[in-house]
Amino acid sequence: DFEVRGYPPGLVAADAMWSARTEIRLPLARVSRGLGAMPLYLNGFSSSWFVDSVGAAASADRLGAPQLVSTGAELATDITVFSFLSLRIRTGVGVPLKSLGPVSSGNARFYVTAGTSF
């Protein structure tokens, strides 16, 4: 199960898959400060533009053109909670470039994620 921003999770299941992702990230601000008396430390903000693609098939010898292709943009920030737990919070929009099943090409999908930095 590979993430393709713009498509719902688990849309394609297969025995053989490949994934490719290109992302250009641009720092917007270096905050590097706490938020008042709260136990949160804000490190910075960044934006990115991405292209995601995944191909899937019943067997590896049948992998061909990508089945899922999307593009979009996102904003991200790194937050440290209680000075030991670092989280990356991302929000963005993914736009499918290829229709598949219930997903139409050009139908934007918004998302928010929170987790450890990769």
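Biologist: How much accessible surface does the protein have, and what share belongs to carbon and sulfur atoms?

Modeller: In this predicted model, the accessible surface is about 7,200 Å², and carbon and sulfur atoms hold 62% of that.

Biologist: And which kinds of secondary structure make up the protein, helices or strands?

Modeller: Strands: there are five of them and zero helices. Going along the sequence, you read β-β-β-β-β.

Biologist: What share of the residues counts as buried?

Modeller: Of the 118 residues, 31%. The cut-off for that label is under 20% relative accessible area.

Biologist: What about contacts between residues 24 or more positions apart?

Modeller: Taking contacts with a separation of 6 or more, those pairs account for 54%.

Biologist: Now the largest pocket. Which residues are closest to its centre?

Modeller: The volume is about 220 Å³. Of the 18 lining residues, Glu3, Val4, Tyr7, Pro8 and Pro9 are the closest to the centre. Strand S5, residues 109-115, gives the largest share of the lining, with three residues.

Biologist: How do the lining residues divide into nonpolar, polar and charged?

Modeller: The lining has 11 nonpolar residues, three polar and four charged. Tyr and Pro count as nonpolar and Glu as charged.

Definitions and conventions. Residues are numbered from 1 along each chain as its sequence is written. This is a predicted model: local features need pLDDT of at least 70, side-chain atom pairs count only at pLDDT 80 or more; totals for chains, interfaces and linings use all residues. Side-chain values use heavy atoms; hydrogens and water are left out. On a 1 Å grid over the protein atoms alone, a cavity is a set of points where a 1.4 Å probe fits but cannot get out, and a pocket is an open set with protein on both sides within 12 Å along at least five of seven lines; lining residues have an atom within 4 Å of a point. Grid points are joined across faces, edges and corners, and a volume is the space filled by probe spheres set on the points. Helices (H or I, at least four residues) and strands (E, at least two) are DSSP runs, numbered from the N terminus. Buried means under 20% relative accessible area, exposed over 50%, partly exposed in between (1.4 Å probe, protein chains only). Contact means heavy atoms within 4.5 Å. Accessible areas come from the Shrake-Rupley method with a 1.4 Å probe; for residues, only the protein chains shown count as cover.
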